[in-house]
Amino acid sequence: MMNQNEPDSAQPPRRVRCTGTVQLPPGIATPLDLFTPEGERAWAAGWDPSYPAPADADCEPGTVFLTSHGPHPGTWIMADREAGRSVRYARVIEGQDAGTVTVTLDTDTQVTVSYDLTALSEPAAEHLAQFAAGYQQFLAHWAEAIAAAVG
């Protein structure tokens, strides 16, 4: 599902809300752990979060971590966590977009992933439109990468 909030459809959206599901292989003991900053290292190529301050746990609300998205550094904050059920991050990708990412465990073999992002500039709005248009393929890549990593 994709919802673009923009009154003029001729212009790229300044805000998009994208939601979809990722199928997980059966038998993962703690599937939501795959979507923590450290858990993503196991399956997300190039994912290498760093922490400006030590954290007792990478999934503790308030934990801040930094990533690199090509030329765009990102700042992420663990906004909320319901143990074994969901995680929600606030993120800002410098010069590109800001918003939230939520991962909710639906079943032991499925999560729902929702992005609610706002472009930080007109040029970034085009990038955001491309992200939204390819969102289902983006999640399919996640499913493939997770299956390869835990298989």
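**Close-up views of a predicted chain**

The chain carries 8 positive and 19 negative side chains, and the centres of these two sets lie 5 Å apart. Here Lys and Arg count as positive and Asp and Glu as negative, while His and the chain ends are not counted; each charge is placed at NZ of Lys, CZ of Arg, CG of Asp or CD of Glu. This is a predicted model, in which local features need pLDDT of at least 70 and side-chain atom pairs count only at pLDDT 80 or more, while totals for chains, interfaces and linings use all residues. Residues are numbered from 1 along each chain as its sequence is written, and side-chain values use heavy atoms, with hydrogens and water left out.

View 1. Along the sequence, the order is β-β-β-β-β-β-β-α-α. Helices (H or I, at least four residues) and strands (E, at least two) are DSSP runs, numbered from the N terminus. The C-alpha atoms fill a box of roughly 45 × 35 × 25 Å along the principal axes. The radius of gyration is 15 Å, which agrees with the value near 15 Å for a compact globule of 151 residues; this radius is taken over C-alpha atoms, and the globule rule is 2.2 Å times the number of residues to the power 0.38. Of the 151 residues, 39% are buried, where buried means under 20% relative accessible area, exposed over 50% and partly exposed in between (1.4 Å probe, protein chains only).

**View 2. Val22, Phe35 and Val113 touch the most other members of the largest nonpolar core, which has 37 residues.** Such a core is a set of buried Ala, Val, Leu, Ile, Met, Phe, Trp, Tyr and Cys residues joined through side-chain atoms within 4.5 Å. Elements that each supply at least two residues of this core include strand E2 (15–23), strand E7 (110–119) and helix H1 (122–133). Helix H2 gives the largest share, six residues. In soluble globular proteins, nonpolar side chains tend to be buried together. Beyond residues up to four places away in sequence, Val22 touches several residues, among them Val113, Leu139, Trp142 and Ile146. A contact means heavy atoms within 4.5 Å.

**View 3. Val87 lies in strand E5.** Is Val87 buried or exposed? Val87 is buried, with a relative accessible area of 2%. Its C-alpha atom is separated by 5.4 Å from that of Val103, 16 residues apart along the chain. Not counting residues up to four places away in sequence, Val87 touches residues including Leu32, Phe35, Met78 and Val101.

**View 4. Thr104 sits in strand E6.** With a relative accessible area of 19%, Thr104 is buried. Setting aside residues up to four places away in sequence, Thr104 touches Arg85, Ser86, Gln110, Val111 and Thr112.

**View 5. Leu66 belongs to strand E3 (residues 64–69).** Leu66 is partly exposed, and its relative accessible area is 33%. The C-alpha atoms of Leu66 and Ser50 are separated by 5.2 Å, and the two residues are 16 apart along the chain. Apart from neighbours within four places in sequence, Leu66 is in contact with Asp48, Pro49, Ser50, Pro52, Gly74 and Thr75.

**View 6. Ala149 has its place in helix H2.** At 41% relative accessibility, Ala149 counts as partly exposed. Which residues are in contact with Ala149, leaving aside its neighbours within four places in sequence? They are Ala42 and Trp43.
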